[in-house]
Each structure stands twice: as C-alpha cells, then as structure tokens.
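Hi,

Here is the structure I promised to pass on. Have a look at it first, then read my notes below.

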Amino acid sequence: MQQSNLYIITFTILMTIFFGTLLSLTRMTLEPRQKKQEEIDTKKKILGAVVNVSEYDPEEILSIYNERMESIVINYENEIVENDSKGNKIIAENINIQKNYKLDPRERMYPVFMYKNVESGDTEAYIFPMFGNGLWDWISAYVALEKDLNTVLGVSFDHKIETPGLGARISSNEIQDRYKKKKIFDDANNFISVTMLKGENNQGINAHQVDGMSGATITGNGVNKMFFHYFECYSSFIEENKLNQSIKISKN
C-alpha cells in the first residue's frame with residue numbers, strides 16, 4: 001500500500017534524529033580515546049628523536065615523556081609565547097606544525113622540546129619540529145641536537161606519500177641513523193646545516209653531509225630545504241643558548 005507523504009516525512013525525520021543521536025553518542029564515547037591516541041602519537045614522534053621508542057609501550061612512552069620532557073613556544077624573535085591573542089594558554093605539543101607552515105615564518109609559533117636529565121635537571125637535548133615538501137606530499141621531522149646545539153643526536157622523520165622503497169625510506173632507521181653526530185655549524189661557527197647527498201654510497205662524506213637515497217633525489221632535496229629553513233628560523237634560539245652553554249662551561 002502506498003504510504004502518505006506525511007508518513008514518509010515523519011519516518012525520515014525520526015530516522016534522522018535517531019541516527020544523529022547515535023552518531024553523537026558514539027563520537028562522545030570515542031573522543032577521549034582518540035585524543036589519548038593523538039597525544040601518544042605526538043609524544044612518540046618527539047621522543048623518537050632521542051630514544052628508541054619501539055622498546056616501550058604507549059603508557060611507558062607517556063611516563064618517560066612526562067618525566068623527562070619540557071617544552072616552550074617561541075616566536076621568530078626568540079621571545080617565549082605563553083598565550084594566544086585570545087588569552088588562551090599555548091601548549092607546544094598542540095601546535096599544528098603543518099598549519100603553522102603555511103604562515104609567514106615571522107608569524108609562526110615555534111615549539112622547542114627539551115629532553116632533561118632526571119637527576120640534575122640539565123637539558124641533554126633540544127628537539128625541533130620541522131615541516132616541508134617531498135616528492136608527492138608533505139614530509140616532517142623532529143630533529144634533536146645535543147646540548148652543544150650543534151651535533152645531531154637523532155631525527156624522527158614522517159611523511160604522507162613518498163615512493164615505497166625510495167623516498168619513503170626517510171622514515172627507516174637506516175636513513176635516520178645517518179644523521180647522528182652530524183654538525184650544523186662548522187669550526188668557525190658558521191651555519192652550514194646538514195645536507196643529504198644525491199645518490200647512495202657516496203665517498204668522502206664530511207661532518208655536514210649524509211649519504212643519499214638512490215632514486216629519491218626530490219625527497220632528499222625536500223629534506224635539505226626543510227632542515228636549512230627551520231634551523232634558520234630557530235637560529236636566534238640556538239645562538240642564544242649556545243652562548244649560555246659556553247658561559248656555563250667557562251664558569252665550571
């Protein structure tokens with residue numbers, strides 16, 4: 001039997017309300033879990049620049065992070081920024097580096113993460129988030145410098161879409177380990193950055209170069225531009241804290 005228009009409209013409204021309510025309840029139930037997972041993922045990536053996170057479960061990662069990590073947010077002029085224009089507290093871990101990247105460098109917020117010694121409270125490493133473009137889409141990194149703010153302690157790369165077996169190798173331990181102990185300044189304190197070379201099995205690699213990835217020149221170029229650009233953006237912070245380290249060492 002053909003239903004009246006009123007019946008169809010009423011049925012549609014009731015079904016819309018029912019499924020809308022169901023979706024809303026599902027979202028409310030899952031939201032805390034999603035936020036917790038996002039927190040774990042972010043802190044895992046940050047810690048990945050200084051420790052082998054594969055050795056720890058999620059709760060251990062959060063525990064290590066809360067015990068050993070401190071963070072600040074600075075602007076381009078190396079001024080600490082604690083609140084946004086509306087007076088809300090700025091949290092370094094919540095800054096969207098991808099969204100921030102689209103802004104003029106002088107308008108961005110720059111998180112700095114400091115890996116602390118549990119006993120002394122001294123900073124053992126400084127971790128800088130970076131963002132750039134690879135071959136097909138975005139690439140990102142957390143780069144840790146030792147307390148001399150010159151020597152790379154470790155890196156943690158991520159990417160959206162890079163060619164499997166080629167550019168996608170930047171997130172492998174094999175490639176990430178090549179950056180360890182590299183220098184971003186030369187002996188005269190001139191900023192050089194770290195450059196991935198074209199091709200693989202290069203000879204005569206110096207303190208500012210890493211061996212490249214065969215067939216992934218564009219990805220490597222993207223990483224190089226990202227490193228150079230962000231270390232320049234963090235240059236005021238790096239120079240000031242390098243000076244503070246020198247003064248501290250001379251006093252000791």
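**What I found**

The protein exposes about 15,100 Å², and carbon and sulfur atoms supply 52% of that area. Keep in mind that this is a predicted model. Its pLDDT averages 87, and 90% of the residues score at least 70. Among the elements, strand E2 (residues 110-116) has the highest mean pLDDT, 96, while helix H6 (residues 235-251) has the lowest, 74.

Now the overall build. You'll find six helices and seven strands, and along the sequence they follow the pattern α-α-β-α-β-β-β-β-α-β-β-α-α. The protein is more spread out than a compact globule, because its radius of gyration is 23 Å, well over the 18 Å that the globule rule gives for 252 residues. The C-alpha trace spans about 90 × 45 × 40 Å along its principal axes. Buried residues account for 39% of the 252. Of the contacts between residues at least 6 apart in sequence, 53% join residues at least 24 apart.

Which side chains does Glu-174 make polar contacts with? There is one of 2.9 Å to the side chain of Arg-169 and one of 3.0 Å to that of Arg-178. Leaving out residues up to four places away in sequence, Glu-174 touches Arg-169 and Glu-200.

Cheers

Conventions:
Residues are numbered from 1 along each chain as its sequence is written. This is a predicted model: local features need pLDDT of at least 70, side-chain atom pairs count only at pLDDT 80 or more; totals for chains, interfaces and linings use all residues. Side-chain values use heavy atoms; hydrogens and water are left out. pLDDT is the predictor's confidence in each residue, from 0 to 100. Helices (H or I, at least four residues) and strands (E, at least two) are DSSP runs, numbered from the N terminus. Contact means heavy atoms within 4.5 Å. A polar contact is a pair of N or O atoms within 3.5 Å; within protein, one must be able to donate a hydrogen and the other to accept it, and residues adjacent in sequence count only if both atoms are side-chain atoms. The radius of gyration is taken over C-alpha atoms; the globule rule is 2.2 Å times the number of residues to the power 0.38. Buried means under 20% relative accessible area, exposed over 50%, partly exposed in between (1.4 Å probe, protein chains only). Accessible areas come from the Shrake-Rupley method with a 1.4 Å probe; for residues, only the protein chains shown count as cover.
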